[in-house]
Amino acid sequence: MQKLINQQQMRSADVFTIKNLDISSIELMETASMAFVNEFVQEIKAIETPVNILCGKGNNGADGLAIARILQDKGYSSVAVYLIDFSEKETAEYQTNLNRLKDLWFPLTTVKTLEDLKNMKDGVIIDAVLGSGLNKPLSGAYAELATFINSLNLQVIAVDIPTGFPAEGVIAKTDHFIKADLVICFQRPKINFFFPESAAALNRFRVVSIGLDEEFIEKQASPYQLLEQHDIKDLIQPRKPFTHKGTYGHALIIAGQKETMGAAILAAKGCLYGGAGLTTLSIPESGLTALNTTLPEVMYLDRKELTSTASVLDKFKIIAIGPGLGTDAAIIELLKSLLMLKRPLIIDADALHLLGNDESLMKQLTEGSVLTPHMKEFDHLFGAHESWWARLETAREKAVELKCVIVLKNQYTFIIDQQGKVRINPTGNPAMGQGGMGDVLTGLIASLAAQGYKAIEAAYAACFIHGTSGDLLAVTRVSVKASAVAEHLPEVVKGLTR
């Protein structure tokens, strides 16, 4: 897993690297600028493309000046630099790189008002105005600049971070940003890139290494980690000779009503295709025909048996409850009876809604349970939130308080463990924006838990595998069905265990 750090820690990494590698700040900046350009030329291949570089007077602007020089060296024939002169202060690195451009008789335009940008050519804009050093929202001339640049509808590529966008902390709806199509960021993505509010400032990002000391970064105190493929490869165990269905656990999924049998079947699919040795689905009897026709490998348990004796449930390694379950009085009593067993549960959908309706039920959760809310379900459980940063902070507090794992669903899902540590899942895509995806994920978490993985492992591995399945399918599809994601899971898992 890759540790994500805040900007203060990243600046400390800069200082540490400069000191320990015995290089200067300007040399590190040259390395960063070259890394940016190497990625930029993969995006903008035509060297005749007009490139307009907006440079502030800080180190982000200094990067922009170095980028201009390197692009010209690589043959980009129409590079123009605009010096954003809205501040008296400038860094030594900015002045050094500006002098290097002046020595080359490079065309420079000083911008004191927006009128000075009137001759800017259509093409691509490189945003190197303010970078990550900003600690307050854009205002005045900078806010006007952002509005103007956004109005041009040109492709914007930002250096490290879009101007005006905070690297971490609350992203206010009223803030102004220069909207970037692409951000080429240095060494690590910013924590705020993973929140839905980031869509106001960027469409996508790529990370380039600039040679910062990785050991120093990984030693920094931070609760945020980004999942990587090797984390899942190291976790998922290949199947060994002489293992059998009993080896891979027995999962029970309690889901579905007469009108919502699809949710139950999708959850069962996630569990079955995720590799559980045995999957049992407890649904109303009216759904038996659908179950036997669609998933003959999945067993059935009558709802009435769930509350007959506690021993009925002893054979199940894990119990998941919620998809399409309903919220009537009988379901409330069922949930209460399960909570009284004092065993970990995987709780989703309607079962989450019931927990949100009754705080006393929440207090009965057994340590090691997994909650899988999307945004609205989360706010129903823990109160309304004005920002995703606040929502994630609450999730960290509640995971510690309840001693459970919280899977806060999002394009980049946050998986929070009982110590408040956050693992961010980078897989998944907008093509998966269809009903039933959460049901499949719940079944997959249950499947991995039944196979013996710890609650946090089952949660983050399931999120990664689920998203990877969707990513592979989305290569050739505009939209991806939840059932297709479930059916593709065995191939994804096989690929991770080779």
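User: How many bridges join strand β13 to strand β14?
Analyst: This is a predicted model, in which local features need pLDDT of at least 70, side-chain atom pairs count only at pLDDT 80 or more, and totals for chains, interfaces and linings use all residues. Residues are numbered from 1 along each chain as its sequence is written, and side-chain values use heavy atoms, with hydrogens and water left out. Strands (E, at least two residues) and helices (H or I, at least four) are DSSP runs numbered from the N terminus. β13 spans residues 318–321, β14 spans residues 345–347, they run parallel, and the bridges joining them number 3.

User: Which residue in β14 stands opposite Ile 321?
Analyst: Two strands pair if DSSP finds at least two bridges between them. Opposite Ile 321 stands Ile 347.

User: Which strands stand at the edges of the sheet?
Analyst: The sheet is open, has 11 strands and mixed pairing, and its order is β1-β9-β18-β17-β16-β15-β14-β13-β10-β11-β12. Two strands have a single partner strand each, so one side of each is left without a neighbour in the sheet: β1 (2–3) and β12 (299–300).

User: At about what angle to β14 does helix α12 run?
Analyst: Helix α12 (residues 349–357) lies across β13, β14 and β15 (370–371). Axes are lines fitted to C-alpha atoms, for helices over the stretch in contact (heavy atoms within 4.5 Å). Angles run from 0 to 180 degrees between N-to-C directions. For α12 against β14 the value is about 90 degrees.

User: Is Leu 361 buried or exposed?
Analyst: Leu 361 lies in helix α13 (residues 359–362). Leaving aside neighbours within four places in sequence, Leu 361 is in contact with Leu 335, Lys 336, Leu 339, Leu 354 and Leu 355. Buried means under 20% relative accessible area, exposed over 50%, partly exposed in between (1.4 Å probe, protein chains only). At 2% relative accessibility, Leu 361 counts as buried.

User: What kind of pair do the rings of Phe 195 and Trp 389 form?
Analyst: Rings of Phe, Tyr and Trp (its six-membered ring) pair if their centres lie within 6.5 Å; planes under 30 degrees apart count as stacked, over 60 as edge-to-face and the rest as tilted. The count comes to 15 aromatic pairs. Here the centres are 6.0 Å apart and the planes at 80 degrees, so the pair of Phe 195 and Trp 389 is edge-to-face.

User: How many residues apart are Phe 195 and Trp 389?
Analyst: Phe 195 is in the loop between β7 (180–186) and β8 (202–208). Trp 389 is in helix α15 (residues 388–402), and the separation is 194 residues.
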